[in-house]
Amino acid sequence: MSPAIDWQADLACGHAYFNHLGPNNLTDGDWAIFKEAENDRFSFGHTAPSFGISIRREIRTLSDEEWKNVTDVFRELYEAGVLQAFGRLHGKAKLKAHKGGAFLPWHRVFLAHFEQEMKKINPSVSLPYWDYTIDYEIPQPYESIFWTPCFFGENNDTVQSGPFKFMYGAHGGIISRQLANDFYSTRLINKRDIERLKDFCGFEDITTGVLKEETDHNLETLHDGVHDYIGGDMGVVENSAYDPIFWFHHAFIDYIWESFREHQTESCGHIDIETDYRPINDIGWKGTFGQGHEDALFGYKHLNTTDGLWRNWTQMYYKYEPQPACDGTCRGEFLYCDDKKICLSRTKEVCKKEFPTRNKRRVDVTDTLLPHKPCGAGSKIIGLKGDGRTINTSKEECEKILERERKSKSLQYPSF
């Protein structure tokens, strides 16, 4: 479609879908995708997948061909409606897979299933992860190479460039982002956050219980911060899984959780990571449900919540390559080590692909056909307060903020 008339498609699709803004219900076709995984109780999650084990790697360590294979699969899943089906399931799992104990195990199963759908199209691909601790360490993370047509596309507008251009979200608008939009925008996860989790030994120490527990050692809250930092569709629970970034973000959250489980095994005595869960009387926020030990995982009725704790997932379905580091793995076109031996991301100027000329429509505020902000319809995801490195902060000031944080022994977090 010509970019000159893309706003007309946006308007038409927005008008068509806006009537369904509230429910955004799963269709019979959607349920068929998830029921396929349930048909044989002793298949998905119980036995090794037919495609073999996946190796999940950081995106910037992939070759151009490997990254193209991944994005081609995403485009095919989008055009087949599969990406949207997963997006709708995630939206409907708002109270059953968030703000409670099920957050980590449910998303682990959810990602493993999505990865199997990827492999149906191209068995050679795996779901890569986005290690944003690397981006955190550059003064202006929103200037990372990721926010170019080479990777994710725009960082503060509708996505009209790159491999995910002109994908429509939950309510008929082109997927949009609003990175680090104001002073109170939160921030990306850094390496100190990950190490902070390892000051603890129990699953309940890093997850959400009855109290809000918005602390620096709650992995779900840290995860919320990345959604909030990206904003746009990613900043809303019901819309977030439509943006392909969701999958790379959650693969890294799963990576962090797995590193915590390795810590439990190696340093925490006799904890059984396959049964370690939240106390039965402290499962999650008031209003959440279906997150008990023996409750069925939403969308996967043949699996219980604690089945998401099995070692099966990281022994038979996928494994992770370690984060790039200055031991020889932080290399290539898009990564480098500075003189302090910190692995950093290249910035936008390295991408040789240009952003397209944008054709913005003049919007009349009285236009009743155009949804004002489709991505705002839903439950906003809010993380911990940011560090002040917003999209409007000068590079010089961002450098000062980052240097102060590097010198401090630990980040200062707000009290709740």
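Reader: What makes helix 10 mostly covered?
Author: Buried residues do: 19 of the 23 residues in helix 10 are buried. Buried means under 20% relative accessible area, exposed over 50%, and partly exposed in between, with a 1.4 Å probe and protein chains only. Before we go on, a word on the ground rules. This is a predicted model, where local features need pLDDT of at least 70 and side-chain atom pairs count only at pLDDT 80 or more, while totals for chains, interfaces and linings use all residues. Residues are numbered from 1 along each chain as its sequence is written, and side-chain values use heavy atoms, with hydrogens and water left out.

Reader: How do you know that the length of helix 10 agrees with its number of residues?
Author: The helix itself is a DSSP run (H or I, at least four residues; strands are E, at least two; both are numbered from the N terminus). The expected span is 1.5 Å times one less than the number of residues. For the 23 residues of helix 10, residues 245-267, that gives 33 Å, and the end C-alpha atoms are 33 Å apart, so the two agree. Just after this helix, G269 has a positive phi of about 75 degrees.

Reader: Why is Y255 called buried?
Author: Y255, which lies in helix 10, has a relative accessibility of 12%, so Y255 counts as buried.

Reader: Which residues does Y255 contact beyond four places in sequence?
Author: Y129, Y320, E321, P322 and Q323. Contact here means heavy atoms within 4.5 Å. One of these partners, E321, is 66 residues from Y255 in sequence and 9.4 Å away in space, C-alpha to C-alpha.

Reader: What makes a set of residues a nonpolar core?
Author: The members are buried Ala, Val, Leu, Ile, Met, Phe, Trp, Tyr and Cys residues joined through side-chain atoms within 4.5 Å. The largest such core has 94 residues, of which W130, F152, W247, F248 and Y300 touch the most other members. Its largest share, eleven residues, comes from helix 10. In soluble globular proteins, nonpolar side chains tend to be buried together.

Reader: Why is the link of C150 and C351 called a disulfide?
Author: A disulfide is a pair of cysteine sulfur atoms within 2.5 Å, and the sulfur atoms of C150 and C351 are 2.1 Å apart.

Reader: What is the handedness of the disulfide of C150 and C351?
Author: The torsion about the S-S bond is about 90 degrees, so this disulfide is right-handed. At 14%, C150 counts as buried, and C351 counts as buried at 9%.

Reader: How many disulfides does the structure hold?
Author: Four. Counting bonded cysteines along the chain, the pattern is 1-8, 2-3, 4-6, 5-7. Another of the links joins C201 to C268, with 2.0 Å from S to S. C201 lies in the loop between helix 7 and helix 8 (219-230) and C268 in the loop between helix 10 and strand 2 (296-297), so the pair ties together parts 67 residues apart in sequence. The link of C201 and C268 is left-handed, with -75 degrees about the S-S bond.

Reader: How do you know that C201 is partly exposed?
Author: The relative accessible area of C201 is 29%, which places C201 in the partly exposed class. C268, with 11%, is buried.

Reader: What about C330 and C343, are they buried or exposed?
Author: Both are buried. Their sulfur atoms are 2.1 Å apart in a disulfide, and the link is right-handed at 85 degrees about the S-S bond.

Reader: What makes the pair of K99 and D224 a polar contact?
Author: Such a contact is a pair of N or O atoms within 3.5 Å; within protein, one must be able to donate a hydrogen and the other to accept it, and residues adjacent in sequence count only if both atoms are side-chain atoms. The side chains of K99 and D224 make their contact at 2.5 Å. K99 is in the loop between helix 4 (82-92) and helix 5 (103-121), and at 18% relative accessibility K99 counts as buried.

Reader: Where does the pLDDT stay under 50?
Author: Residues 361-375 are one such stretch, with 18 contacts beyond four places in sequence in the model. pLDDT is the predictor's confidence in each residue, from 0 to 100. The protein averages 86, and 85% of the residues score at least 70.
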